[in-house]
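I wanted notes on charge pairs and on one helix. Here is what I looked up, in order.

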Amino acid sequence: ADLGGLGAAAGRDGAPDAAIVAGRAAEAGRIAKRLHELGARTAVVAGDGAHALPQLTEAAGAGAEGIYVATFWLPDPSDSAVARLSAWYRERRGTEPVATDMLVYDGLRLLVAAVEEVGARPERIRRYLAELGVSRSRFHGVTGEIGFGAGAGAPRLVMGVVRGAQVVPVEGGER
């Protein structure tokens, strides 16, 4: 990867502390790999677009360990329902589930709940969704509480870090 000035700076004592990557898994992985090859101790911090396994870890090679990824979901090992869902997903897909997989899962479950409650007419479904978090309780999904518009609530982001072949939650004080 051509890192421009970052490549030159990474080999010096004044190397940057962090490289922020606004890209997908392949780009973030290639940047982490190149920094690793240069011997830089620069932390790589990527957005949710990079939370795609195994693409991220394959592209990064030996530089994968310690890549930080902001994401909308990470599995909670203490949640038995999420553990069962993750195992089901791994068994069928052969990979660990990531945030986009679980967001799709929640979206489909939400659509089923809406149709079961108000029927299949699009205007009724739209009204149902608009009421979530306002005149209806938010929908409880595996990625968190779901509402729209005024009932959406604050976005939920989780900071994860690559450990082995997985992205796990960052522990307090971790660098």
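The model is predicted. I began with Glu 37. Glu 37 forms a salt bridge with Arg 34, and the closest N and O atoms are 3.4 Å apart. I checked their spacing in helix H2 (residues 25–37): the two sit three residues apart, so about one helical turn separates them. Glu 37 is partly exposed, at 48% relative accessible area. Arg 34 is also partly exposed, at 31%.

I then searched the whole structure and found eight salt bridges. One joins Arg 121 and Glu 123, at 2.7 Å from N to O. Arg 121 is partly exposed at 47%, and Glu 123 is partly exposed at 34%.

Another joins Arg 136 and Glu 131, at 2.8 Å from N to O. Both ends are partly exposed: Arg 136 has 23% relative accessibility, Glu 131 has 22%. Salt bridges with shared partners link Glu 131, Arg 136 and Glu 117 into one network.

Last, I turned to helix H5 (residues 99–118). I asked what span its 20 residues should have at 1.5 Å a residue.

Which residues of H5 are buried? I listed Ala 99, Asp 101, Met 102, Asp 106, Leu 110, Ala 113, Ala 114 and Val 118. Their cover includes helices H4 (80–93) and H6 (122–131). Strands E3 (68–71), E4 (139–141) and E5 (144–146) are also part of that cover. After H5 comes Gly 119, with a positive phi near 95°.

Conventions:
Residues are numbered from 1 along each chain as its sequence is written. This is a predicted model: local features need pLDDT of at least 70, side-chain atom pairs count only at pLDDT 80 or more; totals for chains, interfaces and linings use all residues. Side-chain values use heavy atoms; hydrogens and water are left out. Helices (H or I, at least four residues) and strands (E, at least two) are DSSP runs, numbered from the N terminus. The expected span of a helix is 1.5 Å times one less than its number of residues. Buried means under 20% relative accessible area, exposed over 50%, partly exposed in between (1.4 Å probe, protein chains only). Contact means heavy atoms within 4.5 Å. A salt bridge is a side-chain nitrogen of Lys or Arg within 4 Å of a carboxyl oxygen of Asp or Glu.
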